[in-house]
Amino acid sequence: MKLLIQVAVFYFFYKIGVVLQSTLEIPVPGSIIGMVLLLVLLLTGLVKERYLHGGANLLLFYLPLFFVPATVGVMNHFRFLSKTEGLIMLLALLVGTIMVLVSSGLVAQKTAASVDNKAEATGVMDDE
């Protein structure tokens, strides 16, 4: 029951985002607005992470299943993807994905090094 409530909270924020997007005619998807709203509430401490932790883990566990319909949908456009324009689009997607992976890895390494340096300078370690 606890997991169901936690997942319902995520859905609630999604719906708030959709309502705000349609009411205010914001050119950003409602799901993004809902996520930003939830992020703000988490950062301000109005919503505690521990209240949503189980539901978030459940959704993350099943996240790959949410991509199956999109992947199957791509197969409906196989004719387009086999043409020159489609191959260019696939190449752009591949290059973009590699750029995101590399930049994310670099940012993660820099952030980890920065946190380690800060911990050494202050003498505060996470293990303590």
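This is a predicted model: local features need pLDDT of at least 70, side-chain atom pairs count only at pLDDT 80 or more; totals for chains, interfaces and linings use all residues.

Author: Residues are numbered from 1 along each chain as its sequence is written, and side-chain values use heavy atoms, with hydrogens and water left out.

Reader: Why is the pair of Y11 and Y14 called tilted?

Author: Rings of Phe, Tyr and Trp (its six-membered ring) pair if their centres lie within 6.5 Å, and planes under 30 degrees apart count as stacked, over 60 as edge-to-face and the rest as tilted. The centres of Y11 and Y14 are 5.7 Å apart with the planes at 40 degrees, so this pair is tilted.

Reader: What makes the pair of F61 and Y62 edge-to-face?

Author: The planes of F61 and Y62 stand at 90 degrees and the ring centres are 4.9 Å apart, so the pair is edge-to-face. By the ring rule, the count comes to three aromatic pairs.

Reader: Why is F61 called exposed, and what is Y62 counted as?

Author: Buried means under 20% relative accessible area, exposed over 50%, and partly exposed in between (1.4 Å probe, protein chains only). F61 has a relative accessible area of 61%, and is therefore exposed, while Y62, at 40%, counts as partly exposed.

Reader: How do you know that Y14 and L3 are partly exposed?

Author: The relative accessible area of Y14 is 36%, so Y14 is partly exposed; L3, at 39%, also counts as partly exposed.
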